Amino acid sequence: MFGATTRRLVLCAAFCVGLCVAAVWSAPPASAQRGGPPAQMKTIADDLYFWFDYDGTNSIIWATSEGVMVVDTQPHPAQARRLIGEIRKITDKPIKWAINTQVHGDHFLGNSEFKKEGATIVANAHAKYLMERYWEKDLKRRVPGFEKAGLDPKEVSFVAPDKTFEDELVIEMAGRKVRLFYPGPGQDPGCAYVHFPHAKAVATSGSLTPKSVSNLMYTPSIDGWVKVLRQLQGMDVDVYLPGHGDLGKKSDIDDAVGFLTTLQSEVKAARAKGVPLAEAQKSLTFPAYKDWRNYGRMADYVRNLYVLEETGKPEYWTQGWERK
Ligand SMILES: [Zn+2]
């Protein structure tokens, strides 16, 4: 099922520190902007489902006659239990696999509940490396959101992935194969994708969030991220299953690339002219994206790119992001 093309995947690979750290800590998690439709289960194929939670984090359920795979385990154990309840409306088969596509807690802090179900938890090796070093920092910034939603932060524990992969991992159930792959850093180092060939669908984690201005504080390279998006766009798929927001299509990737490259070029131009950060944050408003989700955070993203351009390092990973 997986031909030579898919096997060719390869790894591609402080100024203002005080200000930056303060700004990172003040940034709310992606789930903070509320007001979407109630969470719902969407059917993608005869065995594939998309748990669409606009106000939270999406998950994907591959439900076969042999067992179940869940992609992303929700931000909190209570939300994971809710998802497991939804899965039980679909199937009573064992949950064998739980995939963490990203090092952000909203994609893995529900691991404990899936562990209790007996699932093997899987992530890219670089993602696991960063989870182990940054999960407490990540959790800390989610606590206000948990409290506001009536979720007990003390219930959250870190359960590390049991199994890791570097470039690719194929998992087979009931005669069908899905492929986890890591083509290099996108929104994050370690951000992985899951291809469901039979459903012509791919899970895109945080690297593609349709009609949303993506958080730019984690990526080590906008060019690398764009390369990943173009690779996802070139796949033989009809539907993109994002970590946040509704189902995506190929044109959403053009829009996401446009957003990333526009911000990058405008920031480069401002820096080349010697425009100070504070001034750039006021003048670079990118009104073309005013209707996109999280547009209100644009000033933060301008700062993220100033830091990345100035230091060559993503703003978030204060202890470094490279796997040593
Ligand atoms: Zn997320």
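**Group meeting talk: sheet, cores and aromatic pairs**

Hi everyone, let me start in the sheet: strand 5 (residues 95-99) and strand 6 (residues 120-124) pair in the parallel sense, with three bridges between them. One of the residues involved is W97, whose bridge partner in strand 6 is T120. Please keep in mind that this is a predicted model.

Seven strands make up an open sheet, ordered 1-2-3-4-5-6-7, and the pairing is mixed. At the edges stand strand 1 (40-45) and strand 7, each with a single partner strand, so one side of each has no neighbour in the sheet. From one strand to the next, the twist averages 20°.

Strand 1 and strand 2 run antiparallel and pair over five bridges, forming a hairpin with two residues between them. Here T43 stands opposite Y49 in strand 2. The next step is a hairpin too, with six residues between strand 2 and strand 3. Strand 3 covers residues 59-63, and four bridges join it to strand 2, again antiparallel. Y49 turns up here as well, opposite I61 in strand 3.

How many residues of strand 2 (residues 48-52) are buried? Five of its five. As background, side chains in a regular strand alternate between the two faces of the sheet. In strand 2 both faces are covered: L48, F50 and F52 are buried on one side, Y49 and W51 on the other.

In general, nonpolar side chains in soluble globular proteins tend to be buried together. The largest nonpolar core here has 36 residues, and L216, L229, L232 and F259 touch the most other members. Helix 6 (222-233), helix 7 (250-272), helix 8 (277-283) and helix 9 (298-311) each supply at least two of its residues. Helix 7 gives the largest share, eight residues.

A201 is in strand 11 (residues 201-205), and at 0% relative accessibility it counts as buried. Leaving out neighbours within four places in sequence, A201 is in contact with I44, L48, V194, H195, F196, V237, V239 and L241. Y240 is 39 residues away from A201 in sequence, yet their C-alpha atoms are 5.8 Å apart.

Last topic, the rings. The structure holds 13 aromatic pairs. One of them, W135 with F158, is stacked, at 5.4 Å centre to centre and 15° between the planes. W135 lies in helix 5 (residues 125-148) and F158 in the loop between helix 5 and strand 7 (163-165), so this pair ties together parts 23 residues apart in sequence. Is W135 buried or exposed? With the cut-off for buried at under 20%, W135 counts as buried, at 19% relative accessibility. Helix 5 itself lies across strand 6 and strand 7, at about 100° to strand 6, which brings us back to where I began.

Ring pairs also link Y134, Y218, Y316 and W317 into a cluster. K137 lies over the face of Y316, 4.2 Å from the ring centre. Elsewhere, R293 has its charged end over the ring of Y54, at 3.9 Å from the centre.

Definitions and conventions. Residues are numbered from 1 along each chain as its sequence is written. This is a predicted model: local features need pLDDT of at least 70, side-chain atom pairs count only at pLDDT 80 or more; totals for chains, interfaces and linings use all residues. Side-chain values use heavy atoms; hydrogens and water are left out. Rings of Phe, Tyr and Trp (its six-membered ring) pair if their centres lie within 6.5 Å; planes under 30 degrees apart count as stacked, over 60 as edge-to-face and the rest as tilted. Buried means under 20% relative accessible area, exposed over 50%, partly exposed in between (1.4 Å probe, protein chains only). A charge sits over a ring if NZ of Lys or CZ of Arg is within 6 Å of the ring centre and within 35 degrees of the ring normal. A nonpolar core is a set of buried Ala, Val, Leu, Ile, Met, Phe, Trp, Tyr and Cys residues joined through side-chain atoms within 4.5 Å. Two strands pair if DSSP finds at least two bridges between them. Axes are lines fitted to C-alpha atoms, for helices over the stretch in contact, and angles run from 0 to 180 degrees between N-to-C directions. Contact means heavy atoms within 4.5 Å.
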